[in-house]
Structures are given as C-alpha cells and as structure tokens.
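Trainee: Could you help me learn to read this structure? I would like to start with the backbone.

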Amino acid sequence: MESATGLLLYATAVLTLGGIYAILALGLNIQWGFTGLFNLGIAGFFAVGAYSSAILTARPSPEHFGGFGLPMPLGLLAAALLAGLLAWPIGRLTLRLKADYLAIATIGIAEILRLVLKNEQGLTNGAVGISHIPRPFESLPRPYDELAFLGMVAGIVLVLYWALERARRAPWGRIMRAIRDNEASAEAAGKNAMAFKLEAFVFGSMIMGLGGGVYAHYVKFISPEAFEPLMSTFIVWVMLVAGGSGNNRGAIAGALAIWAIWSMTEILTSQLSADWTTRAAYLRVFLIGLFLQIILQRAPHGMFREVPPPPPEPSSPRQPESRSADT
Amino acid sequence: MLDFVNFYLIPGIVIGSIYTLGAIGISLIFSILRIAHLAHGDLIALGAYFALFGVVELGWSPYMALPLAMILTAATSIGMDRLCYRPLRRMRTVMVIIASFGVALMLRSAIMLIWGPGTEVYQSGIQRPMIWAGLRLQEKHLFIVGAAVVLVALLHLFLTRTTTGKAMRAVSDDPDLARVCGIRTEAVIRAMWGVAGCLCAAAGVFLGLDTQLNPLMGFSLLLPMFAAAILGGIGKPYGAIVGGMVIGIAEEVSTYPLFGDPLVSPTYKAAIAFTLMVLMLLWRPTGLFKGRVL
C-alpha cells in the first residue's frame with residue numbers, strides 16, 4: 001500500500017511537470033509550428049512568468065520585492081501579461097529580419113534576464129531565489145493535493161489545446177501557415193505579415209509565461225538556476241520537434257514522452273555510484289542532443305505530422321471556390 | 001589616463017581580438033551556408049580544451065599546443081558538418097540552425113564528460129607584466145593580439161590568392177552561379193569548416209590564456225561574437241574585425257569608473273554587446289559594411 005501510494009505520487013509528479021512542459025511546447029508551437037518564428041529564449045519568458053506570479057502571490061518578505069499575497073489566478077494572469085509585454089518590443093525589433101536574428105535576440109534576452117534575476121537582490125533575492133510561493137490545494141490530504149494540482153495543469157493544457165485547435169482552423173491559423181510557408185505571397189494577398197507574426201510571437205510568449213507561473217506554484221521555490229537554457233529552452237525544442245511541430249497534439253505528446261524518458265533515465269543513473277551519477281548527467285544531455293539530430297534527419301515530421309486544416313465551408317453556394325493545393 | 005589604457009583599453013583590445021576570430025568564423029559560415037551557427041561558442045571551448053590536452057598530457061606550452069588544437073578542432077568541425085548538417089542541406093536552413101543548437105549541447109556535455117565541469121588553467125602563477133613607458137604589457141596579451149593579426153592576414157591571403165579561397169567567395173556571392181561554373185560546393189564547404197575550426201581553436205586557446213577554461217566559456221562568447229558579426233555586417237569577414245574590436249573595447253571600457261562608480265556594473269558587461277547589437281539592428285540592420293540581411 002505504501003509503495004503503491006509512492007508510485008502514484010511519482011507518476012503524478014512526472015505527469016504534472018510533463019503537463020507544464022506541454023504548456024511551454026504549445027506556446028512554442030504557435031511561434032515555430034504555426035508561424036515559423038525561431039524563439040530560442042523560452043527560458044526568459046518562462047522565468048518572467050514564474051517570477052511575476054511568485055512576487056505577486058508570495059507573502060510579504062524583506063528578502064525580495066513585493067510578496068503581495070494576491071490570489072493565484074491573478075498571479076498567473078500577470079505572468080502571461082508580463083511575458084507578453086516582454087515579447088512585444090523584441091518582436092517589433094527582430095521579426096522584420098531573417099529568422100536567425102530573432103534566434104540571437106531571444107538568446108540574448110534570456111541571458112540578460114538571467115543576469116538580472118541573479119544580481120538584482122532587491123527584486124528577486126538574487127541567487128537564493130524566492131521561496132514560500134503558495135501552492136493551491138495544499139490543505140487536501142497527501143495524494144489528493146498532488147492529484148488536484150495535476151488536475152489543474154491538465155485542465156489548463158486541455159483548454160489551451162482546445163483554443164489553439166480553434167485558432168489553427170480559423171482564418172487566423174491559415175494566415176499564420178501562409179506567412180510561414182510563403183511570406184511574400186501572404187503579403188501579396190493583402191495580409192500584414194509583420195502584424196500577424198507579432199501577434200503569434202506575443203501570444204506564444206504569453207502561454208510560456210503562464211507555464212512559468214504554474215511552475216512556480218508547483219515547485220513553491222524558484223531561483224535563477226531553474227531557468228538555465230538547457231532545461232527550459234532546449235528540451236522544449238526537442239519536445240516540439242519530436243512530437244511534430246505544427247501539430248498541437250504532437251506538442252503535448254512530445255512534451256509528455258520526452259519528459260517521461262528524461263525522468264526515467266534519471267532513476268537509472270541515480271543507481272550508479274556518486275562519481276558516475278554526475279558523469280551520467282552529462283551523458284544524458286549528450287544523448288538528448290544526439291536524439292534531436294536523429295529526429296531531424298530520420299523523422300523530421302515528428303510523431304504527429306502536421307495536418308493542414310480542412311478548407312472552410314463555402315459561405316454561399318454560388319461561389320464554387322477554386323483553391324490551389326494546400327502545401 | 002594610463003590606468004584607463006592599462007586596465008580598460010588593453011584588455012578591451014585583447015578580448016576584441018578573440019571576438020574578432022570568432023566573429024570571422026560566424027560571418028564566413030553565414031555567407032556560405034546562410035545559417036547562424038549556434039554551436040560556434042562551444043566549438044571555441046572545445047578548441048581550448050584540445051590545447052589543454054597538449055598542455056597537460058604532452059607537457060607542451062600552450063603556444064605549442066595551438067597548432068594541435070587547430071588541427072583537431074578543424075577535423076571536428078568537418079566531421080560535425082558531415083554528420084549533423086550535411087544531411088539537412090536540402091531542408092530549410094532553419095533546420096540546420098536547430099541542429100546546431102543541439103550540436104552546441106553535445107559539444108558542451110562532451111567537454112564536461114571528458115574534462116569535468118570545473119575550471120582549468122594552462123599555466124598557474126602570475127606573470128609579471130613588462131612596464132614600458134608606464135604601459136603594462138603582458139607577454140600573453142602581446143602574443144594574443146599579434147597572433148590574431150597574423151591569422152587575419154593569412155585568412156586575407158587565403159581568400160584573395162588561393163583557388164579555394166576564391167571559390168569560397170564565389171559560393172558566398174552566388175551559390176547557384178558558382179555551381180554552374182563547376183565549383184564543387186561541398187569541397188568549398190569542407191574548406192570553410194576547416195578554416196572556421198582553426199579560427200575557433202585560436203579564439204579558444206587565446207581566451208584560455210587570457211583568463212581560464214571552463215565548459216561554459218563558449219556559450220558566454222556566443223552573444224558578443226554574433227553582435228560583432230552583425231555590427232560588421234553579417235557575411236562580411238572584414239567587417240567582423242571592426243565589429244569584434246568595437247564590442248571588445250566597448251565591453252571593457254563600459255566598466256571604467258569615470259564618475260567614481262563603474263559606468264556599467266561589471267556583472268552586466270554581457271548586456272553591452274546585446275545593446276550595441278540591438279541599436280545596430282535598429283539603425284542599420286546590414287551593419288557597418290553593408291552585409292547581407294533578410
């Protein structure tokens with residue numbers, strides 16, 4: 001009975017973190033999968049979300065700014081809004097240039113943010129981080145608090161999935177695909193590509209910020225170390241590419257599958273002696289890099305291939321729409 | 001004034017030379033493959049560690065280990081291209097950038113696996129600087145700047161005098177036209193990786209000489225090097241020299257205590273390169289030397 005509860009708790013923890021990664025992967029899917037925007041600064045938006053929600057909802061503390069004790073939904077809302085607010089100027093500046101520039105600029109923003117988090121004692125308590133972040137459902141007895149939190153994460157993922165699927169099939173999603181596949185022809189069709197790209201970038205970043213907020217409330221303690229590019233940018237890219245970019249179901253499946261593999265290999269390597277455990281940690285990073293190369297070369301579409309949305313119903317029967325083949 | 005030159009300007013020129021070598025490679029790769037090579041920093045770190053192998057295992061001086069590091073890094077770059085980038089050549093170029101992101105992590109974790117995550121040095125102990133008319137000149141700094149000048153001059157001769165170098169410029173100007181003229185693009189790309197690998201090794205060894213080695217040293221170079229390449233005009237190797245110097249000197253000089261306190265806190269040095277890059281993108285995205293953009 002004891003071990004059964006332990007197993008349940010372990011599975012819940014893996015699923016909860018996997019669900020948080022699924023939120024990030026869905027955010028990236030809007031940017032990269034739908035619109036082809038190359039964001040390598042996921043860690044930055046994730047961190048802004050986490051810190052915003054933490055500062056707003058934690059109890060007042062002399063160690064860092066705020067601690068306003070606001071309710072969690074407000075914190076999550078602010079997490080999304082602030083991440084979007086950060087994305088807007090970056091997008092304005094770099095989206096008109098080649099994808100490479102957005103990649104470099106987002107890496108830069110994420111790094112500078114990490115410096116700020118590390119060094120601005122008064123705002124973030126520096127390297128020590130923020131603790132005592134409230135977690136919902138904590139008053140419930142042991143397995144149920146974890147299960148309730150998992151339920152909340154699953155609910156957020158499902159709502160996002162539903163909304164993004166709607167968006168994908170809607171004219172908005174079609175325009176995004178058009179811009180991704182041929183920006184010049186989308187412009188020629190009268191679409192303001194810059195404005196749409198900016199929308200996708202800000203919207204995707206807001207979802208990442210939301211993911212950061214949920215993460216902060218789950219782990220209850222955040223420090224700059226949690227926002228290293230490896231575990232919060234790179235792994236999300238692997239998840240989306242493995243799951244199938246452009247496919248929302250792929251983004252969720254990729255996040256859960258990669259996270260499950262990552263967590264389970266950790267159990268394996270923790271059996272080794274101390275010296276080998278640290279070495280095995282590097283080996284795991286190496287292997288996940290290798291895994292990405294293999295997917296890119298052997299299965300570039302990922303687990304779930306992107307499905308073009310079905311053509312819309314013709315609005316009136318007298319217009320037999322002739323459309324060229326969808327690419 | 002002498003303090004300014006000794007402790008801000010000279011270190012700026014030294015780090016600027018290192019950025020220059022990296023930025024030239026980034027520019028070269030961009031001009032031929034049209035990709036932002038995100039593994040460039042970690043390739044530099046690998047070069048530094050190859051030289052460490054020469055220093056520790058073979059007992060060589062770091063100066064002697066430089067050619068060894070160059071050969072090994074060039075070979076690694078060519079192999080990396082063959083295994084990870086070439087298979088993706090027919091896809092959109094962004095796929096290669098994603099692959100290079102993965103390669104960066106593979107290189108970094110390989111370094112940690114082989115040499116451990118800690119800090120290493122080529123030589124311990126303090127070298128006394130030569131004092132010349134109030135200028136403090138360190139042997140290693142003279143070597144770094146001198147060797148960087150020699151390497152850039154060699155690269156110039158290579159690009160302008162040799163057939164391979166000319167072919168490289170032809171591919172960079174118009175890959176299709178170059179192919180039609182019978183230039184073997186794949187051979188040119190291999191040569192380019194060889195050159196970029198050598199420059200990476202030099203940058204890594206120089207950085208190791210100047211400060212110390214750690215597996216993350218390359219990643220922290222990535223931003224200033226890209227800023228330098230963009231400042232000089234991406235795809236313009238000569239622009240990268242100006243860009244590298246401007247970024248290096250700006251970073252060091254920004255911490256000068258002009259009004260008592262440092263102008264910019266040294267912890268935010270990394271933000272200088274980024275700010276300059278952003279200003280350049282706003283003002284003139286093609287860079288100072290009219291590079292390629294879009």
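Mentor: Happy to! Let's begin in the loop between helix 5 (121–124) and helix 6 (142–169) of chain A, where A:His132 lies. Keep in mind that this is a predicted model.

Trainee: What is the phi of A:His132?

Mentor: First, the general idea: most residues other than glycine have a negative phi. A:His132 is not a glycine, yet its phi is positive, about 60°.

Trainee: Why does A:Lys220 count as partly exposed?

Mentor: We count neighbours: 20 or more other C-beta atoms within 10 Å make a residue buried, 12 or fewer make it exposed, and partly exposed is in between. A:Lys220 has 15 other C-beta atoms within 10 Å, so it is partly exposed. A:His132 is partly exposed because it has 14 C-beta neighbours inside 10 Å.

Trainee: Which residues are buried in helix 11 of chain B?

Mentor: Among them are B:Phe274, B:Leu276 and B:Met277. The cover over the buried residues of this helix includes helix 3 (72–94) and helix 4 (99–119) of chain A, along with helix 9 (217–232) and helix 10 (237–253) of chain B.

Trainee: How many residues does the contact take from each chain?

Mentor: There are 33 residues from chain A and 33 residues from chain B. On the side of chain A that touches chain B, 23 are nonpolar, six polar and four charged.

Notes
Residues are numbered from 1 along each chain as its sequence is written. Chains are lettered from A and ligands numbered from 1 in the order in which they are written. This is a predicted model: local features need pLDDT of at least 70, side-chain atom pairs count only at pLDDT 80 or more; totals for chains, interfaces and linings use all residues. Helices (H or I, at least four residues) and strands (E, at least two) are DSSP runs, numbered from the N terminus. Two residues are in contact if their C-beta atoms, placed from the backbone, lie within 7 Å. Ala, Val, Leu, Ile, Met, Phe, Trp, Tyr, Cys and Pro count as nonpolar, Asp, Glu, Lys and Arg as charged, and the others, Gly among them, as polar.
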